[in-house]
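Please read this briefing alongside the sequence and the structure.

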Amino acid sequence: MTTNTHVKMVGPVIRGVDGELADAVIEAIEADNPGSDVTVEDAGGYIRIGVPQRCRLSRASLEDALGRSFELSELEPSLSAFAGRIKVTDDEMLWYLERQD
Amino acid sequence: MPSLARSEWYDLTRDMNWTLSYVDQEEAWPQDLSNTYGIPAEKWWGWDEPYKVTYSEYVHNQVGKDAGVYSVNSVIGRSRMFDELDPGWKSAIVAHYGAIAVPEYIAGLGESRMGRFGRAAAWRNMATFGCLDETRHGQIQTYFPYTLLNKEPRMDWAHKALHTNEWGAIAARHLFDDMFTANDAVSTAIQLTFTFETGFTNLQFLGMAADAMNVGDLDFGALISSIQTDEARHSQQGEPTIKILVENGQKEVAQHLVDHMFWRSWHVFALLTGISMDYYTPLEHRTHSFKEFMNEWINKQFIDQFRDFGLERPWYWNEQFLGELEWYHHALHLGIWTWRPTVWWNPDAGMSGAEREWLEEKYPGWNDSFGKYWDVITANVRAGKPELTLPETFPMVCNMCQIPVVSPAGYAAGFLKSPAPLLLDLEGRRYTFCSEPCKWIFEQSSARFKGHLGIIDRFLGGLIQPPDLGGALAYMGLSPEECGQDATNYAWARENGKA
């Protein structure tokens with residue numbers, strides 16, 4: 001956690017027209033980041049989902065939330081932006097920042 | 001479906017790097033097109049994009065994106081949605097298409113340069129997708145306004161603007177030539193994909209998408225938020241490029257490239273997005289002020305990310321940048337509304353009593369600084385003398401950002417130490433700048449910039465004839481029907497009168 005600066009929030013920004021998927025991503029991120037405070041800001045045209053410093057989104061949790069099979073690469077048409085750096089593997093997306101100050 | 005997981009074959013199919021034997025490195029990747037900054041070829045081969053996509057995933061996703069956005073356009077095109085939009089919002093859209101559509105094609109040139117001259121196969125692969133992305137953005141943002149031509153003839157500025165000598169178009173070309181057309185691949189990755197796309201395009205494409213959904217412009221909101229899903233991916237070419245520079249002792253190069261392009265991007269987005277959000281968007285639909293969007297997308301999200309690579313805020317951050325955040329776009333708005341015949345959209349003064357209250361709330365002190373100018377303008381309009389609100393001559397234009405020098409307004413508002421422009425005499429020519437960072441950028445690469453003639457240089461040099469406002473409007477490609485007028489025919493002044 002940061003000290004005297006602002007809390008660095010990381011995570012996806014989903015297109016506002018894809019509300020259903022955004023809901024599933026929120027549910028999955030809550031499941032994948034236990035103990036972290038997940039914030040959601042619905043700005044109409046986009047929905048910003050944030051977790052302090054490190055945000056995991058696994059394919060398994062997203063499939064659970066959606067109730068169907070879903071490849072992470074299928075998220076791209078809804079992923080308008082993200083905060084933090086990204087790392088994509090077969091089974092999860094990770095947004096993170098390393099610098100502490 | 002492939003039976004192997006993507007990670008099991010992705011690197012193998014992507015990494016087509018080899019040591020050249022028939023030609024030397026410099027012949028295949030000339031420094032002018034791909035500056036190594038002294039880093040050996042093999043080091044560049046470690047370039048690894050953090051946001052991965054395969055060709056089959058790419059085409060699958062892109063076809064779906066286009067199908068979604070074009071179907072929205074097709075349905076809405078049959079409705080009265082556009083007719084019912086607020087006039088100020090329509091102006092923001094007309095300004096957007098003129099400033100953005102053709103530059104998307106130009107960005108495609110920058111991407112294709114990286115697609116050929118990027119110093120790793122992985123990078124060339126990502127840039128090829130980026131080139132296809134930008135081609136899509138150019139096509140879709142000329143097609144959407146095309147479908148609106150029967151309702152707003154100036155939508156043809158989506159295609160026309162960048163082919164004219166309109167002053168905003170000159171400013172846009174100067175910026176985009178610096179950033180994509182006349183830039184080497186390595187610098188493009190840091191300036192276009194990282195600084196411009198990871199940072200600033202979010203402001204216009206997502207900030208305006210937020211407002212668009214509230215305004216009820218589903219067409220524009222769906223379009224620009226979809227475009228940004230491409231940007232979110234191909235902008236990630238910046239990170240691995242910065243990493244290689246930093247790991248190989250060239251952190252200062254990366255920092256310098258960001259410092260240069262951050263300031264240039266700031267100025268053009270203050271002009272385009274700043275005014276659209278704080279003046280043209282109908283008050284009841286403004287989700288945030290421009291400054292609040294800047295804080296969210298730039299001062300937090302972008303800065304957190306680029307400091308994570310070990311870089312620091314630009315040298316002009318506290319004094320010049322945070323200072324201008326308070327006043328610069330207000331001064332530009334005042335100027336653009338006054339010089340409204342010189343732009344291809346209808347500037348919306350946005351000066352009703354309620355709008356002025358909102359500005360004072362979001363920018364405390366606005367009434368005492370910028371409000372005073374508008375008091376005089378409003379009085380002239382109410383007195384039935386709108387001609388007194390129009391210009392008879394021209395402002396000075398900055399020889400770096402090519403945007404009018406508005407420092408007197410910044411000085412009067414208490415944010416600058418002097419109202420005077422900054423000057424530089426070089427090889428017998430005098431150059432004028434609006435700000436310290438603009439002058440600094442010019443001086444860092446004066447050979448690159450010194451030959452350019454700004455609109456005022458052309459005017460004073462006799463290139464614009466006859467040398468008056470009429471001659472200048474013709475030179476800028478603006479017929480009388482196309483010249484900007486007040487967006488609401490001064491309704492804001494009447495409403496103010498009643499209040």
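The contact between the two chains takes 29 residues from chain A and 35 residues from chain B, two residues being in contact if their C-beta atoms, placed from the backbone, lie within 7 Å. This is a predicted model, in which local features need pLDDT of at least 70 and side-chain atom pairs count only at pLDDT 80 or more, while totals for chains, interfaces and linings use all residues. Residues are numbered from 1 along each chain as its sequence is written, and chains are lettered from A and ligands numbered from 1 in the order in which they are written.

**The side of chain A that touches chain B**

- At least two residues each are supplied by β1 (9-15), β5 (79-83) and β6 of chain A; helices (H or I, at least four residues) and strands (E, at least two) are DSSP runs, numbered from the N terminus.
- β5(A) gives the largest share of this side, five residues.
- By type, the residues of this side are 12 nonpolar, nine polar and eight charged. Ala, Val, Leu, Ile, Met, Phe, Trp, Tyr, Cys and Pro count as nonpolar, Asp, Glu, Lys and Arg as charged, and the others, Gly among them, as polar.

**A:D90**

- The loop between β6 (85-88) and β7 (92-96) of chain A holds A:D90, which touches B:A5, B:R6 and B:S7.
- A:D90 is partly exposed because 15 other C-beta atoms lie within 10 Å. A residue is buried if 20 or more other C-beta atoms lie within 10 Å of its own, exposed if 12 or fewer, and partly exposed in between.

**Helix α5 of chain B**

- Helix α5 (residues 87-117) of chain B has 31 residues and reaches 45 Å from its first C-alpha to its last, close to the 45 Å expected, a span taken as 1.5 Å times one less than the number of residues.
- A kink of about 35° in α5(B) is centred on B:E104; the bend at a residue is the angle between axes fitted to the seven residues ending there and the seven starting there.
- Of the 31 residues of α5(B), 26 are buried.

**B:D219**

- B:D219 is found in helix α10 (residues 218-234) of chain B.
- With 24 other C-beta atoms within 10 Å, B:D219 is buried.
- Beyond residues up to four places away in sequence, B:D219 touches B:V72, B:N73, B:I76, B:M81 and B:F144.

**The largest nonpolar core**

- Among the 174 residues of this core, A:V25, B:A209 and B:C398 touch the most other members. A nonpolar core is a set of buried Ala, Val, Leu, Ile, Met, Phe, Trp, Tyr and Cys residues joined through C-beta atoms within 7 Å.
- Residues touched by B:C398 include B:I403, B:V405 and B:F433.
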